[in-house]
Amino acid sequence: MESGNDVGRLNEYAHKKGFTVDYRESPPDGPDQFTQRVVLNGIVYPEGVGKTKKEAKKDAAKNALRDLSEGTHQTADDNHNPTPAQQNFIGLVNNYCMIKKCRHTFVEVRRDGQPHIHQFFYRLIIDNKEYPVAEGRTVKEARQNAARLAWPALKEQMDWDSKVSVRSTLSEDGAPPSPSPSPSPTPLESHEASSQSMFTSDFDPIEYLGSGAYGWVYKARRKLEEKYYAVKIVRSDKNAFREVVTLSELLHHNVIRYFNCWIENTRYQDDISAGSSAGSYSDTQSTDDPSVKFLYIQMELCKTKTLKEWIHEKNTQSLQDTKRRQESLTIAQQIVSGVEYIHSKGHIHRDLKPENILFGLDDKEVKIGDFGLVTRDDDPLMDRTENRGTRSYMAPEQVGKTYDRKVDIFALGLIYLELLWKVSSGHERGEVLKNARKQILPTNFSRAFQEENLIIKKMLHEKPEDRPEASELKAQLDKLAQTENEPQKRATV
C-alpha cells in the first residue's frame with residue numbers, strides 16, 4: 001500500500017480495530033470548495049477540504065490519521081482488551097461520578113440528517129466542565145460516544161483500575177454495580193456528601209405535584225437556564241436505574257422526555273408533602289437507614305391532569321359528548337404511536353393505564369410515563385416476573401412467566417374502550433372492563449362504534465399472536481381517522 005494513500009491507511013486501521021468508518025459531506029463554501037469529515041466509530045474528526053469531493057475525502061482521512069497518531073482522539077480500548085462495542089462507557093462514567101460525587105449530564109448539541117436518518121451530536125458535562133462532542137445515529141449511540149471521548153481524561157484523574165474493573169458497566173437489568181470503596185473523603189468532600197444537595201443548589205422547587213408507588217414528584221425551575229422541569233425522587237435500586245436507562249434511550253413526542261439523573265443521600269421533602277400546611281422547604285433524610293440512597297430524575301414537565309381524569313370528566317357529563325369519539329381517536333393514535341416507538345427500541349412497558357398517560361403543557365400531545373416496570377423484549381420465550389403491572393389492565397398471559405410486547409396491546413384495547421364509552425359509576429366501569437377482558441363489549445357500544453368494536457376485539461384477543469402489532473394498530477387507527485374525516489371534507493367542497 002502506498003504511504004500517500006491516507007484513505008486506504010485509515011480503512012486498514014479501522015478494519016484492524018473493528019471500527020466503523022464513514023465520511024460526512026458538509027455544504028460547499030463555493031463552487032470549487034468541498035468539505036468532508038471522517039466519522040470513525042461515531043467520533044468526528046477535523047474537516048478536510050479540496051477542490052473536488054475526492055480531494056476533500058483524502059484531506060479528511062489525512063487529518064483523522066494525524067489525530068490518531070497524536071493521540072488526540074485516543075479511545076479507551078487502546079490500553080485494554082475489551083473493544084469499544086463491548087464496553088459501556090456510560091456505565092463507567094456513571095460509576096466514576098458516583099464515587100467522585102460529581103454531577104454530570106449529557107447535552108444535545110444539535111441534530112442533522114434526513115427526516116428518517118438522523119445524526120445526533122452530544123457532549124458530556126461533568127461539574128460544568130465540557131468534554132468533546134460526539135456523533136451517533138441514535139441518542140444512545142451519541143451519548144455512548146460522548147462518554148467514550150471523556151473517559152481517557154477521567155481515567156487520568158484517578159487510578160481507576162485499582163478501584164473499579166474496566167468491565168464494571170451497567171448490568172443487564174439496568175442496575176449499576178456496587179462501586180469499590182473509595183478513599184476516605186477529605187473534610188470538604190465529607191461536607192458536600194452530607195449537606196450539599198444538587199436539587200436545592202441547581203433548582204428552585206416550585207410545587208409539590210404528588211406521590212405514590214412511583215415516588216415523589218416536584219415541579220422545579222432549573223436556575224441556570226430558567227426552565228421548568230418535573231423532578232421525580234425514588235429510592236435508588238435496580239428498578240429505578242432500569243427506568244432511567246430506558247428513558248435515556250427514548251426520544252419521542254409521545255413519551256415523557258428524560259434529561260438527567262443523580263444520586264443523593266437524602267430525599268428532598270417540603271412541609272406540604274410531609275403532611276404539614278406550613279409550606280417551607282427542608283432537606284430531610286426520610287429513613288433511618290443511612291445506606292438508603294435516593295435517585296433524582298429530571299424529566300419533562302407535563303400537566304398534572306392524567307388520562308384517567310380526562311375519562312372521569314367525560315363520564316360525569318349528562319349526555320354522551322358528541323366530540324368524544326374524535327378526541328378519543330386522536331388520543332389513542334398518539335398513545336399507539338408512543339407504544340410503537342417503545343417496542344421498536346426493544347422494550348415492553350408492562351404498566352399502561354390511564355393514570356400513567358399525561359398531557360403535555362400545550363394540552364395537545366399525550367405522553368406515556370412511569371417506566372418503573374419496563375423490561376426488555378429481546379426474547380419472547382424468556383422467563384419474566386409474574387403478575388407485574390396493574391391487574392385490571394394486565395393481559396391473561398401475565399399471570400405466567402412467558403409473555404412479550406403484546407401485553408401492551410391488550411392494555412391499549414382496554415384504554416381505548418374507556419376513552420370511547422361513557423359509564424355512570426365505578427362499579428359499571430369495573431363490570432365493563434371485566435367483560436371486555438373476555439371480549440364481551442357492551443351491546444350498545446358494538447352498535448354505536450362498529451369499526452372501533454372490531455379493532456378493540458382484536459387487541460383483546462386471548463392469544464397474543466392474534467393481537468396486532470403496534471405498527472399495524474397505528475395504520476388501522478390512521479385509516480379510521482381518514483374515514484371519519486371524509487364526510488367533513490365532502491361538506492367543505
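Visitor: Which residues in H1 are buried?
Guide: Let's start with the words: helices are DSSP runs of H or I with at least four residues and strands are runs of E with at least two, numbered from the N terminus. Buried means under 20% relative accessible area, exposed over 50%, and partly exposed in between, using a 1.4 Å probe and protein chains only. This is a predicted model, where local features need pLDDT of at least 70, side-chain atom pairs need pLDDT 80 or more, and totals for chains, interfaces and linings use all residues; residues are numbered from 1 along each chain as its sequence is written, and side-chain values use heavy atoms, leaving out hydrogens and water. In H1 the buried residues are Asp 6, Val 7, Gly 8, Leu 10 and Ala 14.

Visitor: How far apart are the end C-alpha atoms of helix H1?
Guide: The expected span is 1.5 Å times one less than the number of residues. H1 covers residues 6-17, so its 12 residues should span 16 Å. The model agrees, with the end C-alpha atoms apart by 16 Å.

Visitor: How many disulfides does a search of the whole structure find?
Guide: A disulfide is a covalent bond between the sulfur atoms of two cysteines. Here it is counted when a pair of cysteine sulfur atoms lies within 2.5 Å. Across the whole structure, the number found is zero.

Visitor: Is Cys 302 buried or exposed?
Guide: Its relative accessibility is 8%. Therefore Cys 302 counts as buried.

Visitor: What is the phi of Asp 363?
Guide: Asp 363 sits in the loop between strand S16 (357-359) and strand S17 (366-368). Asp 363 is not a glycine, yet its phi is positive, at about 65°.
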